[in-house]
Amino acid sequence: MSLTQTAIDTLARNDRGGFTIPTAGLYPYQWNWDSAFIALGIATYDMDRAWTEIMSLLEGQWPDGMIPSIIFRSDDPSYFPGPSRWGKTLGPIPSTGVSQPPVLTTVVRQLTDAGGTRNAARRHEVFDRLFAFHKWFHDARTSNGIVATVHPWETGRDNCPDWNIGLDLMDVAADLAPYTRMDNKHVNPQYRPSQEQYDKYLTIVQFGDSVGWDQRRLTDEGPFLMADPNIHFILLRADKDLLAIARDLGKPVETLTQIEAWIAKGEAATDYLWSEALGAFTAREIRTGAFSTGFTNCSALCFYADSGTAEQRARVLDNLNRIAAKVDFMLPSWDPDAEGFEAQRYWCGPVWPQMNYMTSLGLAEQGHDALAMKIRDDLCRAIERSGFWECFNPLTGEGCVGSNFSWTAAVWLSWQHETKLEGVA
Ligand code: GLC
């Protein structure tokens, strides 16, 4: 069977009726940014089903505009922390109390870019909800002029060494309620976050619950506060895509002005993430101003967001070339020259499909075709060698953590069918 057919079958197998789980067992619910990438993949063969994926994700949106990282439509005992551990969250469906990188608007724009009345109707259908989601990030999460994050899980890059400087500043809650991890029952614990990290993740959850999931308080008073290039650059691009959609729909001038202000704020904040020492955009602890010390697979998303100066971009390219000489498969999630690199451990080294997708797209858009193709081809080679895994060892191409993974299948499909997308009805 062709890999493309296997990819379609993988998505069909993970379909739970209107929404798609990342993979059975390890992740039995709907995840925020997973669903956005999944929609991109499904749209290559079934636009209606792709749109349903987006609408089902929006069903979980909170009244304050946040779209949570996970929507719990059931309580699956094989997953922890499930709905009861997050406490009394504020959405229409039980969920987590933090969000995830807001790639959704960019996907909506891409899916509906061909124009026509049907696509216009789709844009119209979701515009206010997308606007509210962006507003939530800018209002509830801004700190020091940049959109910050309160939990490593919100960044989508759970245990990246980037977060150590923030986690080191916090203590595990003395009254942390006891719990049993489930993640390391599904996969080799060596690939998963450490126990101390897990205790801290749950300390933040307990704090959020203790303030009734008041998101402004969670940002201002919570135990963890960092700026993340992943959220920053994805939101900045998404703001630009939201503006394009707003113009296309003929939205009132106040709406356009508001989005333009968010973009200006984002462009100004890009510099905050610039580490001169590394010559790259890195995560930063907000209370101390400390920079992280490694180049990650979101450090080059300045191209995707079309942000940063020419000189900054040139140094980012130097870093990409340095790393390309060290690994067989681009783009590792943590710097192979930095302390803490582990080729098999989750966000400490492995290659992540959705990150290669965005990085490659941005590089291609900005005219860096050779690197864009390399980042794309390396992932395709890893998929051809190992199948549709959650992530891949950058030294060997071996699959890591979850198999039969939805976003890997979706990225594959989107690349295979890129040209066909425009014509999807
Ligand atoms: C892991 C990843 C996160 C993803 C989720 C579901 O937690 O770190 O980015 O959304 O799995 O695939």
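This is a predicted model: local features need pLDDT of at least 70, side-chain atom pairs count only at pLDDT 80 or more; totals for chains, interfaces and linings use all residues.
Ala148 stands opposite Ala227 in strand S5. Strand S4 (residues 146-149) pairs with strand S5 (residues 226-227) in the antiparallel sense over 2 bridges.

Strand S4 also pairs with strand S3, again in the antiparallel sense. Within this pairing, Ser143 has Ile146 of S4 as its bridge partner. S3 and S4 form a hairpin with 2 residues between them. In the turn, Asn144 has a positive phi of about 60°.

The two pairings are set out below.

| Strands | Residues | Sense | Bridges |
|---|---|---|---|
| S3 and S4 | 142-143 and 146-149 | antiparallel | 2 bridges |
| S4 and S5 | S5: 226-227 | antiparallel | 2 bridges |

Helix H6 covers residues 116-140 and has 25 residues. From its first C-alpha to its last, H6 reaches 35 Å, which is close to the 36 Å expected at 1.5 Å a residue.

Which residues have the most contacts inside the largest nonpolar core? They are Ile54, Leu104, Leu111, Ile259, Leu320 and Met358, in a core of 139 residues. Helix H11 (residues 229-248) gives the most to this core, with 9 residues. Leaving aside residues up to four places away in sequence, Ile54 touches Ala39, Leu104, Val107, Val108 and Leu111. In soluble globular proteins, nonpolar side chains tend to be buried together.

Key: Residues are numbered from 1 along each chain as its sequence is written. Side-chain values use heavy atoms; hydrogens and water are left out. A nonpolar core is a set of buried Ala, Val, Leu, Ile, Met, Phe, Trp, Tyr and Cys residues joined through side-chain atoms within 4.5 Å. Buried means under 20% relative accessible area, exposed over 50%, partly exposed in between (1.4 Å probe, protein chains only). Helices (H or I, at least four residues) and strands (E, at least two) are DSSP runs, numbered from the N terminus. Contact means heavy atoms within 4.5 Å. The expected span of a helix is 1.5 Å times one less than its number of residues. Two strands pair if DSSP finds at least two bridges between them.
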